[in-house]
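Trainee: I am new to this structure. Where should I start reading?

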Amino acid sequence: MSRSDTSTEHAPGSGVRELDVAIIGAGVSGMYALYRLRGLGLDVRVYDQAGDVGGTWWWNRYPGARVDYPGGPFYCYTFSEELVREWDWTERQPDQPTVLAYLGHVADKFDLRRDIQLRTKVVAARFDEAAQRWFLETSEGERISAQFLIAAVGTLSAPNRPDIPGLDDFAGEVHHTGNWPQDRQVEFAGKRVGVVGTGSSGVQIIPQIAREAASLTVFQRTPQFALPGRNQALDPALVRDSKENWSEVRRQIQEFGRPSSLVPSTRSALEDTEEERQRVFEEAWQKGGVALRDCYRDLVTDPVANGHVAEFVRSKIRETVRDPAVAEKLMPEYYFATKRQVMDEGYYEVYNQDHVTLVDLREEPIETFTPDGVRTAEGEYPLDILVLATGYDAITGALRRINPVGRDGLALEDKWAESSRTYLGLSVVGFPNLFLFHGPGSPSVMFHMFYGAESQGDWMAECITYMREHGMATIEAVPEAEEAWAADVQALASRTLFPQTASWFTGANIPGKPREFMVYLAGPRYHENLREVAANDYEGFVFERARTGADLEPSAVRG
Ligand code: NA7
């Protein structure tokens, strides 16, 4: 964009809304950023395409959706003890309506809604170098100029609709789990239903559909290691104690990403005899949740240890599924727990029901969808409803779809064509004054997501305050810092088995996406790093003073 264009866009009376900070996304991170930055007296506004706050929890309202981690009563914001005390979690794995109600409560409690604009999609974002500001356009035709742009767009929010021949010709209902109808129940009763995908969403919805449908056909590409969630009512004593000792719980979350009662064992699986290992595995299996993944320290780092636990789970699948041929199709082959751990409530048992069919796409690929259903090399599967539980263009997808344009006309899509580089998982060279929540190279989905949002949000708030105190207009990471950070992310990952598995952690589920591990695996160290970078005057960043006259001077921090 030329400078003359810019001056027209930002001229007073040109219909451009001026903000200090524009935030995209009203989920967990976006709401925290609004709360925190508005507390500094900044003029902040959040834009979200959804009909209410809640982000991923607003969109994912398919039957069976619940927290896929035994998180209750710890799956929540940690910053406000008052908030902790007034909300009563009742289940170990809270369900979607409960989490959504909680997030709605947070929005009301902190009076966030007045600065959240719903049903508004940000369709374009570009950095205006002359003005040192971001310029946005929305689906509602609005134009916004903001000194800072914060992408709180979610890690699992850009649905992956697979490119399967004939999909658009299918005449029945098609629903993606991540974009479930908001205004009505999907009626499965008496219907012939097909599900593509057996990740967390598929494994959660399949038993629910099996309960109602006339027939259910599951199209499986990769068998999963699903662990029994054993969701249950929370012990009231645990809830009470955690409320009473919240500052200690918060300290543990900060240190370990979870309360210390859930911290993995420090013992190696190879220190134990086979008999002892089986006892430990069995005990963890009965406990449910991720206890099995955490019962030894080296299950995701040592291939031999991993082999032991993988074989244990396979034996459980064989015990549960009565037809040995079906059980064989369900045998996972990748390294245990190197895809996002799936938690089930009666998933394997579903395959003992006569009206449920498992189609192994490795042996029997889909040739095409037809108006009536699916055709594979082996036959036809007539369907009334198709559920796509096919996941997401994870971690980078939502922001890539907005495709912000930074300095020198650099589009994020091009910047990230080969590698989704960031500095600290929250800043990108070439994109001044853009901050990311849970970006690639941050601990994101492998640490406490609420705490992570608070820590990053606090960092952003302190950074903006620092800039205003020092009269700086822009901040941008330097290439050397970005390079070093990317190397650190990969070095940490290479000590584990994660990079060896095709998963959404590595971008392998999306054709053409760079193949690299996208999560920073040392959560506690990450948050330490953020604090150190700030304490060292934002090491790894460069600042620029305001270039032109008084109209471009940043407004003073109020309050
Ligand atoms: P996931 O975990 O990415 O699972 C998606 C599933 O869909 C997985 O089984 C995929 O097989 C399958 N898939 C994707 N594309 C296709 C095509 N083209 N054909 C057949 N099968 C396909 O997404 P979820 O929504 O289940 O879970 C995402 C996160 O949300 C989860 O981790 C929780 O944190 C909540 P694949 O394994 O790629 O071979």
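Predicted model: local features only at pLDDT ≥ 70, side-chain atom pairs only at ≥ 80, totals over all residues.

Trainee: Which N or O atom in a side chain is 2.5 Å from an oxygen atom of the ligand?

Mentor: Look for polar contacts, that is, pairs of N or O atoms within 3.5 Å. The side chain of S201 supplies an N or O atom 2.5 Å from a ligand oxygen. The backbone takes part too. A polar backbone atom of S200 is 2.9 Å from an oxygen atom of the ligand. For T198, a backbone N or O atom lies 2.9 Å from a ligand oxygen.

Trainee: How much of the ligand does the protein bury?

Mentor: Taken alone, the ligand exposes 780 Å², and the protein buries 87% of that.

Trainee: Now the helices. At what angle do α2 and α15 pack?

Mentor: Two packed helices are described by the angle between their axes and the distance between the axes. Here α2 (residues 28-38) and α15 (residues 449-469) pack at about 35°. Their axes are 9 Å apart. The crossing is right-handed.

Trainee: Which residues meet there?

Mentor: From α2, they are V28, S29, Y32, R36 and L37. Their partners in α15 include F450, A453, G457 and I464. By class, this contact has seven nonpolar, two polar and four charged residues.

Trainee: And the backbone: which residues does a cis peptide bond join?

Mentor: G72 and P73, with omega at about 5°. P73 sits in the loop between α3 (56-59) and α4 (81-86).

Trainee: Which residue has a positive phi although it is not a glycine?

Mentor: D111, with phi at about 50°. Find D111 in the loop between α5 (96-109) and β3 (116-117).

Terms used
Residues numbered from 1 in each chain as written. Heavy atoms only, no water. Polar contact = N/O pair within 3.5 Å; in protein donor to acceptor, adjacent residues only side chain to side chain. Areas by Shrake-Rupley, 256 points an atom, 1.4 Å probe, with all protein chains shown as cover. Axes fitted to C-alpha atoms, helices over the stretch in contact; angles between N-to-C directions. Helix = DSSP H or I, 4+ residues; strand = E, 2+ residues; numbered from the N terminus. Left-handed = near helix turned anticlockwise from the far one by under 90°. Contact = heavy atoms within 4.5 Å. Nonpolar A, V, L, I, M, F, W, Y, C, P; charged D, E, K, R; others polar.
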